[in-house]
Amino acid sequence: MANCKFGLNDHKPFISEKSVHNHHHDKSKHNFIEKEQYIHSHDHEDHVHNHHDHRGTDKKVLKWALSITLITMFLEFFYGFLSNSLALISDAIHMFTHSFALIISLVAIVIANKKAPIEKTFGYYRTEVLAAFVNGITILLSIAWIIYEAVERFMNPQIIDLKTAIIVAIIGLVVNIITGVILMQGDKNNINLKSAFIHMLSDALSSVAIIIGYIVIYFTSWYFIDVILAVLVAIVIGKWAIDILKTSTNTLLESSPVDINEVKQYIERNEKVLELHDIHIWEITQDMYNMTAHIKIDKKDLENYEEILHQINHNLKEKFKIVHTTFQFEW
């Protein structure tokens, strides 16, 4: 049975009192430990710094996208009431839902950048994941709204003011394309920003479907085309929404973002590692992976545990983007 002798954290290696009595550490070894501590701490700080750089860009693009959406919303409300156009007022309300989604994403980034109190050991990074989850839910609600509107128009067909309806749809399409292009300038892998982008893209698809539907209805009176197009749009948007919800839920439930068996097999290729077990891998936020595990080595290799630790951490970072690890060595 393996005897647990000491634990190691990539930031602050430590040795238990028992292992100090049983195992001699010379001066050079302590120098090596200090060197390791610096290397891994530096890697982690660089990683966090890169996150802050990305968030700075993401914050800018979200502010621009939100500004354009809010301006369009207020203009549509103003001219909608001025001209008594229900179509403009309805689209303004639709714009409000997208403004809400963008505000959620922006607030999440602002909170994530805040300095957290000591009890928040992983900071506020998870706020972005929460924002993506909330936006995923609102996307599903927008799908329900699209289908409801299409069915309502099919069940109660009315004379369409084609000119006004198409103008409104084109305005919505142009605004969503512009905001979508702006959002693409941010970090495309950030789940929070991706959820905001999908909101814009879903509305753009909805606008295209409305334009096509109105033109077909005008020339053919085929009111059922609205329902068909709405269902097609709902299927496409639904797939994106489910992906966002699945990814954010997995992160919130601390599911492993990488294949644990693959990690285990990869590390056990090291001839000094006899076994890797009690493995836990989780994601704090985008690409910020943490790992804890027990590493079983041969007793004769205790003198070289720092070298083994260095190699494992290097491999985990290069292969799996795992930048923060805590290991318990056993033999």
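Mentor: Two residues are in contact when heavy atoms of the two lie within 4.5 Å. This is a predicted model, in which local features need pLDDT of at least 70 and side-chain atom pairs count only at pLDDT 80 or more, while totals for chains, interfaces and linings use all residues. Residues are numbered from 1 along each chain as its sequence is written, and side-chain values use heavy atoms, with hydrogens and water left out.

Trainee: Which residues does Met291 touch, not counting residues up to four places away in sequence?

Mentor: Met291 touches Val263, Leu276, Ile279, His280, Ile281, Trp282, Leu316, Ile322, His324, Thr325, Thr326 and Phe327.

Trainee: How many helices and strands does the chain have?

Mentor: The chain has nine helices and four strands. Both are DSSP runs numbered from the N terminus, helices being H or I of at least four residues and strands E of at least two. From the N terminus on, their order is β-α-α-α-α-α-α-α-α-β-β-α-β.

Trainee: What makes a set of residues a nonpolar core?

Mentor: The members are buried Ala, Val, Leu, Ile, Met, Phe, Trp, Tyr and Cys residues joined through side-chain atoms within 4.5 Å. The largest nonpolar core here has 23 residues, and Val263, Met291, Ile295, Ile312, Leu316, Phe327 and Phe329 touch the most other members. Two or more residues come from each of helix H8 (260-267), strand S2 (273-283), strand S3 (289-297), helix H9 (305-320) and strand S4 (322-330). H9 gives the most, with six residues. A second, separate core has 17 residues, among them Ala150, Ile191, Ile198 and Ile225.

Trainee: Why is Ile308 called buried?

Mentor: Buried means under 20% relative accessible area, exposed means over 50%, and partly exposed is in between (1.4 Å probe, protein chains only). Ile308 has 3% relative accessibility, so it counts as buried. Ile308 lies in helix H9 and touches Lys272, Val273, Ile297, Asp301 and Phe329, not counting residues up to four places away in sequence. The C-alpha atoms of Ile308 and Ile297 are 9.3 Å apart, and these residues are 11 apart along the chain.

Trainee: What share of the chain is buried?

Mentor: Buried residues make up 45% of the 331 residues.

Trainee: How do you know that Lys239 and Asp243 form a salt bridge?

Mentor: The term requires a side-chain nitrogen of Lys or Arg within 4 Å of a carboxyl oxygen of Asp or Glu. The closest N and O atoms of Lys239 and Asp243 are 3.5 Å apart, and the pair forms a salt bridge. Both residues lie in helix H7 (residues 224-252), four residues apart, about one turn of the helix. Lys239 is exposed because its relative accessible area is 53%, whereas Asp243, at 36%, is partly exposed. By this rule the count comes to five salt bridges.

Trainee: What makes Glu268 and Lys264 another pair, and how accessible are the two?

Mentor: Their side chains meet at 2.7 Å, N to O, in a salt bridge. Glu268 counts as partly exposed at 27% relative accessibility, and Lys264 counts as partly exposed at 24%.

Trainee: Which parts of the chain does the salt bridge between Lys272 and Asp301 tie together?

Mentor: The side chains of Lys272 and Asp301 meet at 3.4 Å, N to O. Lys272 lies in the loop between H8 and S2 and Asp301 in the loop between S3 and H9, so the pair ties together parts that are 29 residues apart in sequence. Lys272 is partly exposed at 28% relative accessibility, whereas Asp301, at 5%, is buried. Salt bridges that share partners join Lys272, Lys300 and Asp301 into one network.

Trainee: Why are H4 and H6 called roughly parallel?

Mentor: Angles under 35 degrees count as roughly parallel, over 145 as roughly antiparallel, 65 to 115 as roughly perpendicular and the rest as oblique. The axes are lines fitted to C-alpha atoms, for helices over the stretch in contact, with angles from 0 to 180 degrees between N-to-C directions. Helix H4 (residues 126-155) and helix H6 (residues 191-220) pack at about 10 degrees, with axes 8 Å apart. H4 and H6 are therefore roughly parallel. Residues that meet across this pair include Ala131, Ala132 and Ile139 in H4, and Ser195, Ala196 and His199 in H6.

Trainee: What is the phi of Asp278 and of Lys321?

Mentor: Most residues other than glycine have a negative phi. Asp278 has a positive phi of about 50 degrees, and Lys321 has a positive phi of about 65 degrees. Asp278 is found in strand S2, whereas Lys321 lies in the loop between H9 and S4.
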